[in-house]
Structure formats: C-alpha cells, structure tokens
Amino acid sequence: RINDPSDLAINGAPPAFSERLHVGRPNIGNHEAFLQRIAQVLDNQWLTNNGPMVQEFERRIAAHLGVKHCIAMCNGTIALEIAIRALGLTGEVIVPSWTFIATAHALYWQGITPVFADIDPATHNLDPEAVRRMITPRTTGIIGVHLWGRAAPIDELQSIAHEHGLKLMFDAAHAFGSTYHGQNIGRFGECEVFSFHATKAFNTMEGGAVTTNNDELADAMRLMRNFGFKGYDNVIHPGTNGKMIEACAAMGLTNLDALEEMFTATRLNYGIYREALMAIPGISVLDYAPKEQNSHHYVVIEIDEHFGPTRDEVIAALHAENILARKYFWPGCHKMKPYRDLFPHAGLMLQNSHKVSERVVVLPAGSSLHPDSIKQICRVIEMLYHGNRNHQ
Ligand code: T4K
C-alpha cells in the first residue's frame, strides 16, 4: 500500500507493481473464438490476398460504422500512404504537429511536405484558425487527426477545405468507436484512416483500414493495396503491398464481437482515474466530449506548475514503480529530426503544441487493467504531490 511519500520507489521503497504496467496493453476478446478462427484459416489454406476472413472483416466494419466501403490494410501507416496517394495530394498538406509521427511520415515518404498547424490546447486537436494561417498556393489538402479518439473540428475543417478547394481526410487511428454529432467516425471527409495496431482500442494485432463513401476512391485504393492488379497478369495502376492477412482479420472479428465489453471496461477505468486525479492540484485529466461516444481508451493527464514535481520527474517516478507512463507525442513532430531541419522556426506557430507537449502524461489503460491497479497508480501520483517540499 502506498500511504505516505516514504512508500514511493524513488524514496527507496520497493516498486508498487512487481510487473510492468503498459500504456498500450492490448484489448483481447475471447481466446477460444480466436483460436477457432485461426484453425479455420489453416483449414482454408488461404492465408492472405483478400481471403474470406478479410472479406468478412471488411463487411462487418463497414456495417458497424455505417459506411459504404472498408478497405482493410496491413497497418495504419500504409493505409494513410495509400489514401494520400489515391486522393492525389501533392505539394503541401496541413497536419497537426501534435500527433504520432506516422501522420507526417506518410506524407513526407511520398515527397509531400507536411505543414504543421497548431492545436486547441483544450482538445489537443487542430485549431481551424491555425490551419487557415498555414495555407499557401502549394497546399492541396488537410489531414485532421482525431487525437485520443476525440473528433477533430470536422465541420470547421470541411468549410476551410471547401473555401480553398482542398481535399480533407482524417487520421482516425485513435477513433474507432467515436462519434461526431452522434455519427460514427469513419464516414467524414474524403476518407478516414484507422489503425488497428495492438495498442489501439480495437486491434487486429497489426492492421488498419480506409473507410469511405466514395466508390471511385475505394476502387483505386483496392487496386493500390494489391500492386495495382486487376485480375491475373494485368496491372492497371501503380501500387504496393498493403494487404491485411487472414490471421489479423481473425483477431479483428474476434475483438469486434467483444467490443461492448471492452469499451465498458475502458470507460469505467477512465472514470476511476478521473475521479481520483481531478482532486489533486496541478493535474488535469483530458476529458472526452460529453455528448459523443468514445472508447475511453486513452487516459491523458496534464501536469502544471502547481503540482510540484515536473512532468519528467513524474514520468521517472512512475517508471520506478513499474508504471510505464508515456509522454506521447512529445516533443511534437516538428521537433523530430526529419522535420526540425526543414522547419527551424515552426515552433513560433506551434505554441499550444509546445505547451501541451511539456505537460502531458499518458497513463496505463486498457480493458485488462484492474481498478485496484488504477487506484494504486493514483495513490502514487497523490504521494508525489504530497512528497513535494513546497506543499508540506
Ligand atoms: N496515426 C496515429 C495518430 C497513430 O497513433 C498511429 C499509431 C498511426 C497513425 C500509425 O498506425 P500503425 O501504422 O501503427 O497501425 C505505438 C504503436 O506502435 C503505434 O501504432 C501507435 N500509433 C503509437 C501511438 O504507439 P510505440 O513506438 O510507442 O510502441 P511501443 O512498442 O513503445 O508500445 C507502446 C506500449 O504498449 C509499451 O509500453 C508496450 C505496450 N505493448 C505494446 C505492444 C505492441 C504491449 O503491452 N503489448 C503489445 O503487444 O508506438
């Protein structure tokens, strides 16, 4: 039990947890059902290349989201790259800097310049006014990111795109299970791109998908995902290998069956964290839009000067307890090596991103995390506050 600052590992006590707690612990559905599906894959002797599991997975995802097309892919990054190419984006594309590096890389990898726009510090999502400021004659598109599963300001971004003749798509890597104005994420913009990586609320181990209501775009992406083949021996489009394998689709179908259960657990866990942490001075818990649905998969807190220990000291203290909290997405894409040389002065336009990046801590979560562990993590954070000389 952690009842006093002297019980903390940084003060010489044993760690609060004997095993490491992870931010990205996978949510996993029924093991038996998964193994049965894997047996089916082996019996089928069809392991990849648009097999029956992938086709069923695509049908079920499209129906679940209420969108015409779901094109399953091997991961979210390749799905982003294919969507960007299928949309014909070139020149400059506006993205937030406060996102996982894959959003920027998917553009840069294709010779497109990611132009970083600032965020709204209350939601961590793109600030539409900041997007306007970054438009130049070379801009061809905007990629909004629904960070932490909270929808980007879709209507505002759509108006800007419309006004300036830009293509709008979304990186929905975090947003499976989220809504915007009560409608499922997955059907906005030209297309939306999901990641189903192991660490995501809904996972296929590795995997991703693009969803869209645009028939032509869907056809192009299906070709591009499979080297551009239309039938045997006939390549009609440039392409790559973006295919999802059957084993991943089997995981996806299994997890889809368990979605309600998983999200109920993550929602409850988020609530326990929130209640315990809100009472501690200097800590704020990033909330989710109250009228919208969300997987509540991410527990993101910000630490300000009233807390005492700095954010980095908190991370170090949590790691000493085997609580592997992260500072996603510090320091921001614009400060990562491939981009900081390109945009040495980007920071001037990205002050909210910078401020948030210095404060954020992402805490362990996931449906398998026990509420008692959450209470213990919160006790550690509380004792870090009380242990600070300034508060005694
Ligand atoms: N756009 C956005 C906004 C994204 O967040 C991402 C991915 C993408 C695009 C690209 O989608 P993908 O191409 O990945 O489908 C992880 C994930 O690899 C990445 O998918 C994710 N975002 C990102 C936010 O997190 P790392 O480098 O931080 O992963 P790693 O290995 O440090 O793992 C995170 C934590 O999870 C660790 O504490 C270990 C734990 N973990 C991880 C795995 C894989 C487990 O407990 N079990 C596991 O199976 O990037």
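Radius of gyration, for my notes, is taken over C-alpha atoms, and the globule rule is 2.2 Å times the number of residues to the power 0.38. I'm on a predicted model, where local features need pLDDT of at least 70, side-chain atom pairs count only at pLDDT 80 or more, and totals for chains, interfaces and linings use all residues. Residues are numbered from 1 along each chain as its sequence is written.

Overall size first. For 392 residues the rule puts a compact globule near 21 Å, and the protein chain has 22 Å, so the two agree. I also got the span of the C-alpha trace along its principal axes: about 75 × 55 × 35 Å.

Next, burial. I count 48% of the 392 residues as buried (20 or more other C-beta atoms within 10 Å of a residue's own, with C-beta atoms placed from the backbone).

Then the elements. The chain has 13 helices and 14 strands (DSSP runs numbered from the N terminus: H or I of at least four residues for helices, E of at least two for strands).

I zoomed in on strand β6, residues 167-171. Four of its five residues are buried, so β6 is largely enclosed by the rest of the structure. The chain gets there from β5 through helix α6 (residues 154-164), and this β-α-β crossover is right-handed (clockwise from first strand over helix to second, with the strands pointing away from the viewer).

What does β6 pair with? β5 (residues 139-145) pairs with β6 in the parallel sense over five bridges (pairing takes at least two DSSP bridges). There I found I143 bridged to M169 of β6. Strand β9 (residues 192-195) also runs parallel to β6, joined by two bridges, and D171 has V193 in β9 as its bridge partner.

Methods
A residue is buried if 20 or more other C-beta atoms lie within 10 Å of its own, exposed if 12 or fewer, and partly exposed in between; C-beta atoms are placed from the backbone.
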